[in-house]
Amino acid sequence: MAEKQAQRSKSKPSGKRAEGRKAPGDGDGTAEAPASKLPDEKTSRELLETMALIRRFEEEAGRQYQRAKAGGFLHLAIGEEATIVGTTSVMRPDDYLIGTYRTHGHALARGTDPKRVMAELYGRIDGTSGGRGGSMHIFDLERRFMGGYGIVGGNLPLAAGLALSSDYRGEDSVTVCMFGDGASNTGNFGETMNIAALWSLPVVFLVENNLYGMGTSIERHSAVTDLSRKAEGLGISGVRVDGMDVLAVRETVAEHIRTAREDRTPTLVEAFTYRYRGHSAADPEVYREKEEVQEWQRKDPIETFARRLIEEGTMSEAELEEIREHADVVVTEAARFADESPEPPLASLYDHLYVVGDQVKGWYTVDERSPDPHPGEQEREAPDRAHELAERGAAYAGPEASRTVGEEIGDAEDEEEGG
Amino acid sequence: MRMREAINAGLREEMERDETVFMMGEDVAVFQGSFKVTEGLLDQFGEKRVRDTPISENTIVGMGVGAAMGGLRPVVEIMTVNFALLAMDQIVNHAAAIPYMFGGQVRVPLVIRMPGGGGHQLGPTHSHSFEAMFLQIPGLLVACPSTPADAKGLLKAAIRDDNPVIFIEHETLYGARGEVDDDGDHVLEFGRAAIRREGTDVTVIGILRMAETAQRAATALANEHAVEAEVIDPRTLRPLDLDTILESVRKTNRAVIVEEGWPHGGVGANLAALIQEQAFDDLDAPVQRVTGADVPMPYSKRLEQAAIPHAEHVVSAALATLEGSR
């Protein structure tokens with residue numbers, strides 16, 4: 001059913017600009033019957049809560065980006081919540097998840113504290129990577145969220161390697177590798193599919209097909225637009241699923257995780273989804289029509305699921321409101337926490353570059369700014385010099401980077417309005 | 001023992017010592033390595049630990065990174081350094097960056113072995129020297145052994161190290177013989193240069209095959225010019241044992257750097273900068289570099305030899321540093 005819906009969402013290839021794409025189940029005038037049976041009340045509620053949290057988090061991230069609290073690029077997953085949560089909800093804690101540069105929500109869905117994700121967006125010391133990774137590089141080893149990656153397709157080989165490590169040790173954990181439609185054109189896609197099939201690795205490849213590789217529509221970037229079939233010639237079979245339907249994603253991914261875990265057969269799941277916002281916050285969206293976005297918004301994964309829970313008596317309007325309010329409180333608190341979290345100290349510039357253990361001594365860098373000079377170098381008083389040089393370098397970042405800890409949010413808003 | 005046997009022994013010992021060590025690469029198992037370095041390993045350790053891979057360099061290295069993040073200690077073989085260019089995304093954007101960009105949450109204990117260098121008429125896509133390219137990347141360690149003993153000791157250290165290591169071997173050195181310690185725990189430290197010959201007149205620094213070329217030049221300098229050169233083999237470029245080099249330069253007041261790689265932004269360029277920054281007052285002459293020719297490696301034996309530094313070039317460079325002072 002979901003697959004049928006997804007099929008219908010495909011539009012014909014067009015010339016310069018892609019035609020408006022129909023959202024799954026929309027436009028044929030018939031009311032679609034619910035695709036899947038609702039899970040138990042607790043699970044249903046959790047699915048909704050997590051999707052609502054991601055939505056609210058992403059909205060806040062966008063807002064704080066506009067206020068320059070978060071820098072760099074910001075890629076929001078608003079609209080893609082069902083694909084994320086449907087997937088993570090059927091993963092075990094010991095399964096690995098690996099994603100792209102659009103993975104705030106994936107980390108949240110794996111249970112990472114929203115405060116730490118937001119602090120990473122702010123580049124602060126309490127961020128998941130201590131401010132070294134930023135929005136595109138969220139990581140949480142404890143929850144086996146093995147990272148967001150800024151190189152399109154770069155995470156596919158890593159996923160195969162993680163799956164290999166599970167297989168090697170005789171463990172039955174599975175790796176779920178999520179990537180976008182654009183990544184299906186990279187060499188890594190072909191290479192990794194081939195070797196995953198060849199070595200029977202316990203991995204599920206999940207392509208979050210939001211119909212655009214940045215601003216290039218799928219008809220303009222992929223010769224084969226049925227991505228579920230794109231790896232067939234490499235030994236990986238695939239299916240399509242309505243990525244706006246959290247239950248359909250759940251059921252499909254659960255089955256494919258089972259296949260990976262029990263049959264050691266890697267597969268590809270193509271989830272049709274849609275991002276309401278641009279590729280990144282700096283996207284003027286000239287490549288698609290407003291109507292197309294609105295059409296997909298009518299199939300909003302959170303609204304649709306919430307309506308159904310209410311209609312089937314699983315949840316009341318008041319409870320839904322509670323969930324929304326709770327997400328709001330959590331995210332507001334995350335933003336406050338991030339804002340109060342200190343900037344990373346300059347002395348930490350070289351931290352985590354190398355692991356210096358018992359096995360390898362000596363020095364690793366020729367740079368005198370290293371706060372830990374190798375033995376024999378102390379006479380150069382490198383630590384003082386290090387600090388001085390780091391200060392001078394940091395000055396190029398301007399006053400934003402030297403913002404003092406605990407600055408009032410109100411001040412920044414005033415500045416913004418004033419400027 | 002020949003260098004290929006020394007590397008083989010290093011791999012074997014570490015795989016015997018640690019179950020999490022495994023190797024993969026193109027033609028490393030059934031074919032036993034394109035340079036026969038992995039001979040016998042498949043028989044001893046089986047398909048699980050000695051894996052033939054498809055020709056997919058970026059994915060092989062990326063899988064090594066992923067497996068390392070998953071707690072294993074992969075040794076990935078790239079058939080020649082030129083093919084490593086296909087894997088530069090995984091080497092630079094992933095292996096080197098991951099420990100740092102994820103705030104130290106995860107380690108990447110990965111060794112990427114690759115043979116390079118000219119001399120076998122393999123032409124412009126199989127013969128280059130990319131030490132400088134890897135040396136430039138923060139997050140990587142770079143080893144370039146020139147003797148069988150160093151190759152074994154450094155490889156064992158590389159496998160036990162928690163950082164990603166680029167391990168560069170020289171194709172023409174695989175057959176080189178030398179004494180090798182058969183003690184399984186003989187592990188060399190990274191960041192310790194070897195003084196191959198002591199001398200007082202000029203410091204000659206050579207890497208990989210050029211360490212040997214430097215020694216031959218030193219012999220000629222002594223025999224034909226009464227010049228006593230001190231020959232240093234850094235053995236690892238990151239970490240770099242700059243102290244040993246500076247100490248020598250402070251004694252000889254002259255330095256010559258020999259490498260097979262290209263001149264621009266090369267190992268020699270880097271070392272020359274470090275020496276002049278940190279020992280300027282000790283220098284009696286400009287630092288001299290002897291490098292490979294600034295061309296893709298030609299096929300013709302005559303042209304190839306013309307593109308590779310030889311002892312006589314090193315002798316000339318050393319004598320140039322002594323000009324006017326003798």
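**Exercise 1.** Determine how far apart the C-alpha centres of domain 1 of chain B and domain 2 of chain B lie, and how many residues of each are in contact.

*Solution.* The C-alpha centres of domain 1 of chain B and domain 2 of chain B lie 27 Å apart in this predicted model, where local features need pLDDT of at least 70, side-chain atom pairs count only at pLDDT 80 or more, and totals for chains, interfaces and linings use all residues. Residues are numbered from 1 along each chain as its sequence is written, chains are lettered from A and ligands numbered from 1 in the order in which they are written, and side-chain values use heavy atoms, with hydrogens and water left out. The bounds, which come from an automatic or database domain assignment, are 3–173 for domain 1 and 194–322 for domain 2 of chain B. Counting contact as heavy atoms within 4.5 Å, one finds 33 residues of domain 1 of chain B in contact with 28 residues of domain 2 of chain B.

**Exercise 2.** Describe the extent of chain B along its principal axes and the share of its residues that count as buried.

*Solution.* The C-alpha trace of chain B spans about 65 × 45 × 40 Å along its principal axes. Of the 326 residues of chain B, 65% count as buried, that is, under 20% relative accessible area with a 1.4 Å probe and protein chains only.

**Exercise 3.** State what percentage of contacts in chain B between residues at least 6 apart in sequence join residues at least 24 apart.

Key
Buried < 20%, exposed > 50% of the residue type's maximum accessible area, 1.4 Å probe, protein only.
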